[in-house]
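Colleague: Before we discuss this model, could you put it up so that we can go through it residue by residue?

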Amino acid sequence: MWILPLVGYLGSIVGFCFMTLAIASGLYYLSELVEEHTVVAKRFLTKLIYSIMVLQLFLCLVDRFPFLPTALGIFSHFIYLGNMRRFPFVKLTDPLFLASCVLVLLNHYVWFKHFSHHQERAYQNMTSYYEAPADVPSFTEIASYFGLCVWFVPFALFVSLSASDNVLPTMGSEPSSSAVGPGGMSDTGRAKRRGQGMAKALVENIMGAIGETSAMFGWKKPEDRLS
């Protein structure tokens, strides 16, 4: 067969593109939703972090999860909680933010090693090829743990937090006398509360890069064709 494998490759590429667009659209929508409901998002994320810390503690006590990786996970979520101080704004050079990025990768590595070694030991203790390994978590359970206890909070913070570079005027600028509006509220204060989420900025930058690349090849946007 010659044509069918090509159709399979083409379908995989198209499916990957649609999946990427769907994820980007979801990130953009969630980022705008957080911008409109900052107080609710902060309350939700704070409760979510505490809930996952309690869940990891119960997994250690009831399901006998290893103590050191569990302590690392709880400590990591405690560090994530520190990013909620000036929610939804964050400085990319803030030590807490940088520590959070490192802890995400470290948590993923530690728990990946734990589950892989656990499965390897279980298969080594099998006495027969047809024997099912005992006490081995399924792929669904492992994926669910990674999704909820390792990646959920960092992903939610990535969608919710706004980098200081995306806030105009910047966080350190002082409001001028002409920027003071009715009721004593400065326009600068309003701008600070309307920071652009990092996920939204990432999607817009990617779409802008795609637009510039298409313009290089002579493809025009629909609005440009009318001009």
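Colleague: In which helix does Ser-100 lie, and is Ser-100 buried or exposed?

Modeller: In this predicted model, Ser-100 is part of helix α4, which spans residues 95-124. Its relative accessibility is 7%, and because the limit for a buried residue is under 20%, Ser-100 in helix α4 counts as buried.

Colleague: Which residues does Ser-100 touch, if those up to four places away in sequence are not counted?

Modeller: With those sequence neighbours set aside, heavy atoms within 4.5 Å make a contact. On that basis the residues that Ser-100 touches are Ile-79, Tyr-80 and Asn-83.

Colleague: How are helices α2 and α3 oriented to each other, roughly parallel or roughly antiparallel?

Modeller: Helix α2 covers residues 38-62 and helix α3 residues 67-82, and their axes come within 10 Å and cross at roughly 170°. Since angles over 145 degrees count as roughly antiparallel, the answer for α2 and α3 is roughly antiparallel.

Colleague: Which residues of α2 and α3 meet, and how many nonpolar, polar and charged residues does the contact have?

Modeller: On the α2 side the residues are Thr-46, Ile-49, Tyr-50, Ile-52, Met-53, Gln-56, Leu-57 and Cys-60, and they meet Phe-67, Thr-70, Gly-73, Ile-74, His-77, Phe-78, Tyr-80 and Leu-81 of α3. Sorted by class, this contact of α2 with α3 has 11 nonpolar, five polar and no charged residues.

Colleague: What is phi of Arg-64 near, and is Arg-64 buried or exposed?

Modeller: Arg-64 is found in the loop between α2 and α3, and its phi is near 60°, which is a positive value in a residue other than glycine. With a relative accessible area of 70%, Arg-64 is exposed.

Colleague: How many aromatic pairs does a search of the whole structure find, and why does the pair of Phe-65 and Tyr-145 tie together parts that are 80 residues apart in sequence?

Modeller: The search of the whole structure finds seven aromatic pairs. Among them is the tilted pair of Phe-65 and Tyr-145, with 5.6 Å centre to centre and 50° between the planes. Phe-65 is buried at a relative accessible area of 19%, and Tyr-145 is buried too, at 7% relative accessibility. The reason lies in their places, because Phe-65 belongs to the loop between α2 and α3 whereas Tyr-145 belongs to helix α5, residues 139-160.

Colleague: Which residues do ring pairs link into a cluster, and with which residues is Phe-146 in contact, leaving aside its neighbours within four places in sequence?

Modeller: Ring pairs link Phe-65, Trp-111, Phe-115, Tyr-145 and Phe-146 into a cluster. Phe-146 lies in helix α5 and counts as buried at 10% relative accessibility, and its C-alpha atom is separated by 8.8 Å from that of Phe-112, 34 residues away along the chain. Leaving its sequence neighbours aside, Phe-146 is in contact with His-108, Trp-111, Phe-112, Phe-115 and Trp-151.

Colleague: How far apart in space are Ser-31 and Val-159, C-alpha to C-alpha?

Modeller: Ser-31 is found in helix α1, residues 3-36, and is buried, with a relative accessible area of 1%. Ser-31 and Val-159 are 128 residues apart in sequence, while their C-alpha to C-alpha separation is 5.5 Å.

Conventions:
Residues are numbered from 1 along each chain as its sequence is written. This is a predicted model: local features need pLDDT of at least 70, side-chain atom pairs count only at pLDDT 80 or more; totals for chains, interfaces and linings use all residues. Side-chain values use heavy atoms; hydrogens and water are left out. Axes are lines fitted to C-alpha atoms, for helices over the stretch in contact, and angles run from 0 to 180 degrees between N-to-C directions. Helices (H or I, at least four residues) and strands (E, at least two) are DSSP runs, numbered from the N terminus. Angles under 35 degrees count as roughly parallel, over 145 as roughly antiparallel, 65 to 115 as roughly perpendicular and the rest as oblique. Ala, Val, Leu, Ile, Met, Phe, Trp, Tyr, Cys and Pro count as nonpolar, Asp, Glu, Lys and Arg as charged, and the others, Gly among them, as polar. Rings of Phe, Tyr and Trp (its six-membered ring) pair if their centres lie within 6.5 Å; planes under 30 degrees apart count as stacked, over 60 as edge-to-face and the rest as tilted. Buried means under 20% relative accessible area, exposed over 50%, partly exposed in between (1.4 Å probe, protein chains only).
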